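Please prepare a briefing on the structure shown below, with the cut-offs behind each term stated once. The points are grouped by topic.

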Amino acid sequence: MKDLFFQSWPWYVTGPLIGLMVPALLILANRHFGISTTFRHVCAACFPSGLKFFQYDWKKESWMLFLAAGIILGGFIGGVLLKNPDPIALSDAAKATLSQQGFSDYSKLQPTELFNFSNATGIILLIVGGFLVGFGTRWANGCTAGHAIMGLSLLSLASLVAVIGFFIGGLAITHFVYPYLF
């Protein structure tokens, strides 16, 4: 039983579980899965203002606050309490590619050269990256999870375009911008 929680689950288990969550949420609660609008609900609840964007009944969507809290709690449990002490298993080819890009520590899930607050580059990347993700999410009317999981399951053409854009953007940044940052 302990191994069940300390090992990664295969894609053929987690993928269907995530996929089944969407119709279950629709059938049982008539809700659409997504997390990106939670920040709007938090702002509407905590900072009521005269802005039209925040003038709605955010309490109808309060279930998303519990979803967000559950995600944070689950991340903490998974990342701290059920943390796998073994180093990340990477192929030699992946290590060579990462070395060419300036990474040397493969012991953690996130490279410390990229995600840290000890140098200006890491701080700037975190702030600019967070802003761009937030802006893009609002501009696309949803986040990657909302479009890829919920939107595609509803056969939304806009979500298909958004998901294709996410992949193209990710590949473009990885291959054309990212190598010049380090």
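Predicted model: local features only at pLDDT ≥ 70, side-chain atom pairs only at ≥ 80, totals over all residues.

Residues are numbered from 1 along each chain as its sequence is written, and side-chain values use heavy atoms, with hydrogens and water left out.

**Overall fold**

- The protein chain has eight helices and zero strands, where helices (H or I, at least four residues) and strands (E, at least two) are DSSP runs numbered from the N terminus.
- The C-alpha trace of the protein chain spans about 50 × 45 × 35 Å along its principal axes.
- With contact defined as heavy atoms within 4.5 Å, 45% of the contacts in the protein chain between residues at least 6 apart in sequence join residues at least 24 apart.

**Pockets**

- A pocket is defined on a 1 Å grid over the protein atoms alone, as an open set of points where a 1.4 Å probe fits, with protein on both sides within 12 Å along at least five of seven lines, and its lining residues have an atom within 4 Å of a point.
- Grid points are joined across faces, edges and corners, and a volume is the space filled by probe spheres set on the points.
- The largest pocket holds about 820 Å³ of space, and of the 24 residues that line the largest pocket, the closest to its centre are Gly129, Leu132, Val133, Gly170 and Ile173.
- Helices α6 (120-139) and α8 (157-177) each supply at least two residues of the lining of the largest pocket, and the largest share of that lining, ten residues, comes from α6.
- The lining of the largest pocket divides into 14 nonpolar, ten polar and no charged residues, where Ala, Val, Leu, Ile, Met, Phe, Trp, Tyr, Cys and Pro count as nonpolar, Asp, Glu, Lys and Arg as charged, and the others, Gly among them, as polar.
- The second largest pocket holds about 620 Å³ of space, and of the 19 residues that line the second largest pocket, the closest to its centre are Gly78, Lys83, Asn84, Ile88 and Leu109.
- The elements that give two or more residues to the lining of the second largest pocket are α1 (2-6) and α4 (63-81), and the largest share, three residues, comes from α1.
- By class, the lining of the second largest pocket has nine nonpolar, seven polar and three charged residues.

**Nonpolar core and a buried serine**

- Leu25 touches Asn30, Arg31, His32, Phe33 and Trp63, when residues up to four places away in sequence are not counted.
- Ser159 is found in helix α8 and is buried, with a relative accessible area of 4%.
- Leaving aside neighbours within four places in sequence, Ser159 is in contact with His147, Gly151 and Leu152.

**Aromatic pairs**

- Rings of Phe, Tyr and Trp (its six-membered ring) pair if their centres lie within 6.5 Å, with planes under 30 degrees apart counted as stacked, over 60 as edge-to-face and the rest as tilted; by this rule the count comes to four aromatic pairs.
- The rings of Phe53 and Phe54 have their centres 5.3 Å apart and their planes at 70°, so the pair is edge-to-face, and Phe53 is partly exposed at 42% relative accessible area.
- Phe131 and Phe135 form a stacked pair, 6.2 Å centre to centre with 15° between the planes, and both lie in helix α6, four residues apart, about one turn of the helix.
- Phe131 counts as exposed at 58% relative accessibility, whereas Phe135 is partly exposed at 48%.
- Phe131, Phe135 and Trp139 form one aromatic cluster.

**Backbone angles in loops**

- Most residues other than glycine have a negative phi.
- Asn141, in the loop between α6 and α7 (144-153), has a positive phi near 60° and is exposed, with a relative accessible area of 61%.
- Leu155, in the loop between α7 and α8, has a positive phi near 60° and is exposed, with a relative accessible area of 76%.

Note on methods. Buried < 20%, exposed > 50% of the residue type's maximum accessible area, 1.4 Å probe, protein only.
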